[in-house]
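Please examine the model shown below.

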Amino acid sequence: MLSLREKILDRLFGRVQLAYTFKKHIRKFMTEFKQGLDKMKPAEQTHYLGILPSQLAAASDSEKLYSLLTDYTFIKAKLSASEVQALIEDYDLATSSDIIISEQKADQLKLIQEAIRLSAHILATDKSQLATQLIARLMCFESPDIQALLAQAQHQTTPWLRPLTPSFTPPGGRLLRTLTGHTDWVQAVAITPDGKRAISASSDHNLKIWHLETGEELATLKGHLTYVNAVAVTPDGTKVISGSWDNTIKIWGLETGQEIFTFAGDTFAVEAVAVTPDGKRVISGSWDGSIKVWDLTSREVIFNFKGHSSFVQSVAVSPDSKRLISGSGDNSMKVWNLETGKELFTLIGHEDWVKSVAVTPDGEKIISGSYDGTVQVWSLSERKQLFTLGKHSSFVQAVAVSPDGKRVISASGDKTLKVWNLGTKEELFTFTNHIAPVNAVAVTPDGQRIVSGSSDKTLKVWHLETGKENLSFAGHDDWVNAVAVTPDGTKAISGSGDNSIKVWNLKNGQEIFTISGHQDWVKAIAITPDSKRVVSGSGDKTVKVWNIETGKEIFTFTGHTDWVNSVAVTADGTMAISGSGDKTIKVWNLETGEELFTFSGHEDGIKAVAVTPNSKRVISASGDKTLKVWSLGKEKNILAILWNLAVKNLLFTLKGHESFVNAVAVTADGKWAISGGREHNLKVWDLSGRKEVFTLAGHADAVTSLATMGTKAISVSDDNTLKVWDLLSREVIASFRGDSALKACAVAPDGVTIVVAEASGQVHFLRLEEGK
C-alpha cells in the first residue's frame, strides 16, 4: 500500500506527465500545420488559413487556437493570404465568451491583436513590414509567449531592418487605429448615426467614407474644386453635406457616393455646415460673414443671417432644431431663432476667433473653442458664460460633446486632443499621437470612440472609455530634422523643431541629455572626427559648436542671413561647412571660430552640403535644381591655388534634377555622389567624370536625407519610408516604414546600425540584418 508521500509524488508525477503530453500534442499540431502549409498551393493555403481559426474555435480547442495566434508563421501566412482585417478578426474568435481561455492568455492575444491593428495602415501598404512592426510595438512586453513570437519574427530569409528600441506606439493605450489616404490636411469629420462610418473632408478637395470597425476606405467623393472645410451627415444617415472654398455646398448619397445636387450661386467660401436634428434644413457659414439656412427639399434659401463682422467659422443647432449658434472670426458667438430668422443675442468673452461650437444633448449649454486656446462653457438659457473649462497651449480647432453630455473633447493646434469632465471641470486625459494640428473631432453615438482628423493627413480612432494613456517613448516634441552618429560609435545626436539637440546612447537608445541654446529649429547636425564636438545649424541663422560630453557651447558662428539648413565637418576635423537659405556656403575654422570662405553661386537656398573623404571638396545641393562642387583650398599646387582664386573655388556644376535638391551624400571611396530631391528619385554621379551615372526610382514623395555605407546607400523620404539600396545591383534590398515623414538618417561606423529621424519626434534605432 502506497504511503501518503508516495501518493502525492505519484499524483504530481502524473500531472507533469500530463502537461508534458499536452505540450507535445500542441507542438505536434504546430509542426503538422507548418509542414502542411508548405505543401499546399497558394489557393489551398488561402482557403486553409481562412477556415482553420474558426474550425478550432467551433471545436472550442482554445489551446491550439492560442498556439496558432501566437505563432509568427501563421500570422505572416494569414496576412500574406488575406487582408489585415481578416487576421485581426481571428483574435476575436479566441477572446469571445464561447472559448474557455485563461485571462492571462486572453490579455496576450489582445496585445498582439491591438499591435496588428495599430500597424494596419502600414501593413495595408507593405506587408513586408510585419516583423518590424510587431517587434517595435511589442518588445516592451515581457510575456514569454510574446517574446517567443518576436524571436520567431527575427528569423527572416532576406535582408531587413530590425528595430533596436520600442519606438512605435505600443498596444494597450487609447489609440485604436490610424486611417490614411488623404493627401492633404483633414479639415472636418462626421460620423453616421449608426456609428459604423466616418466621413472626412480634406484640403485635397475630396471627402472619404471609412468603415470604422475595419478601417477600410469605402469611397472617395470627388467634385469640389478646392479645399473641403466642413462635413455633416443627415439624421437619417442617407446623405452627406459638404462645404468648400469653391463657394458650394454639395449633397451626396451616402450609399452611392454620388453627388445628388449642389447649393451654389448665393454663397462664398464655405467654412462650416450643419444639419438640423429634424433633417429638414442645412446651415452654412461663410467667409463673407453670412449664415444661410437652406431647405433640403426645395433647395431654396430660407434665411440669410448677417450680423457677424468677420467670417463664420462654425455653426451648431440646438437639439430641438429651434436655435442656431454661430462662431466667428469677430471673436463672438451669436444665437439665432431658426423659426423667425431673428438674432436672439450675442455671446462675447473669447479673445480671438471662435473656431468651433457645440451644444450639449440637453440643449442647455454651448461649448466653444477659440484661437485664444480656451474651451469655454455658456448657458443658452441664461445667455452668459458659465466658466472656462480649460486651455490648450495653442489654438482650439474643434470641440465635441459625448452623447451623455458629461464629457467635452477638444482638438488643438498643439497636436493634442483633451477630454474634459463637464461636471467637475477636470481634464481627464490627453491624446498625443497626431504630429500636426488636430482640426476635427467627432464622437460615436454610443460614446465609446472618438475620431480625429489632422493636418498630418490622417484620421485616428481612439477608445474614449477603455485603455490607458498611450506610452510615450523618449523623443522630441517636434519634427526631428537631423541625426548623426559619433565616429566612435557610442552616441547618436538629433536636432529638432523643438529647438533642442538630444544626445543618445547608441547601444540602448536611451537619451543621455538634452542641449538647449538655439532660438529656432535645429535643422542640421554634424560631429567632429574625434567624437568630441557637435556642430549644429539652425533656423536662428547661426551655427553652434558644442562639447558633446558636457553640452556646453564652444562657439557660435554668425554671418548667415537665413536658416542654416545643413552642416558638415571635414574628415581631418579642421573645418565646418554650413549651407543656408541665403544661397551661400560658409567654411569655418573649427579651432579658432574664424570664417575662412564664403562660396556664392547658387540661385536658390542651399538644402544640403557634403564633404569628400579627402577633405578637399564640398558638394552643395540647392533649390535651384543643381549640385555644385567646390574646392576647400587645400591644394598645394600653385596653379591649382590660382585657379581656385579665378573661379572662386567653384569647380563644376551637376545638372539633371527637375526640382529642389534636398540631400547629398558621398561614397566612402569619394568616387560617387548621391543626391535626392523633390522629384522622388535618387541620382548617382561620377565625380571624376562630372556626369550622372544612373537614377534610382522607388520613393513616392520627396527624398529628405541620404547616407552611404560601402556599396549601399540609405535614403529617407516624406513618403514615410527608408530604403536601403545596393548601388551595384541598383535594387532596394530592405525598407522600413515610419508612422510619418522620415526627415534624416545616419549610419554608425559598424555599417549596420542606422538612426532615423521622424516628423513625429521619434528617433528610430535600426539594424540591417542580412537574413538567413
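A charge is taken to sit over a ring if NZ of Lys or CZ of Arg is within 6 Å of the ring centre and within 35 degrees of the ring normal. The model is predicted, so local features need pLDDT of at least 70 and side-chain atom pairs count only at pLDDT 80 or more, while totals for chains, interfaces and linings use all residues. Residues are numbered from 1 along each chain as its sequence is written, and side-chain values use heavy atoms, with hydrogens and water left out.

The charged end of Lys 105 meets the charge-over-ring criterion above the ring of Tyr 66, 4.8 Å from its centre. Arg 678 likewise lies over the face of Phe 660, at 4.0 Å from the ring centre.

Rings also interact with one another. Rings of Phe, Tyr and Trp (its six-membered ring) pair if their centres lie within 6.5 Å; planes under 30 degrees apart count as stacked, over 60 as edge-to-face and the rest as tilted. By this rule there are 21 aromatic pairs. Phe 431 and Trp 462 are stacked, at 4.5 Å centre to centre with 10° between the planes. Their pair links distant parts of the chain, 31 residues apart, in strands E26 (residues 427-431) and E29 (residues 459-463) respectively. Helices (H or I, at least four residues) and strands (E, at least two) are DSSP runs, numbered from the N terminus. Trp 462 counts as buried because its relative accessibility is 1%; buried means under 20% relative accessible area, exposed over 50%, and partly exposed in between (1.4 Å probe, protein chains only).

Tyr 66 is among the buried residues of helix H3. Since 7 of the 8 residues of H3 (residues 62-69) are buried, this helix is largely enclosed by the rest of the structure.

A nonpolar core is a set of buried Ala, Val, Leu, Ile, Met, Phe, Trp, Tyr and Cys residues joined through side-chain atoms within 4.5 Å. The largest has 43 residues, and Ile 75, Ile 116 and Leu 138 have the most contacts inside it. Helix H6 (residues 103-118) supplies the largest share of this core, 6 residues. Apart from it lies another core of 18 residues, including Met 709 and Leu 722.

Thr 178 belongs to strand E2 (residues 175-179). This residue counts as buried because its relative accessibility is 7%. Its side chain joins that of Lys 460 in a polar contact of 2.9 Å. A polar contact is a pair of N or O atoms within 3.5 Å; within protein, one must be able to donate a hydrogen and the other to accept it, and residues adjacent in sequence count only if both atoms are side-chain atoms.
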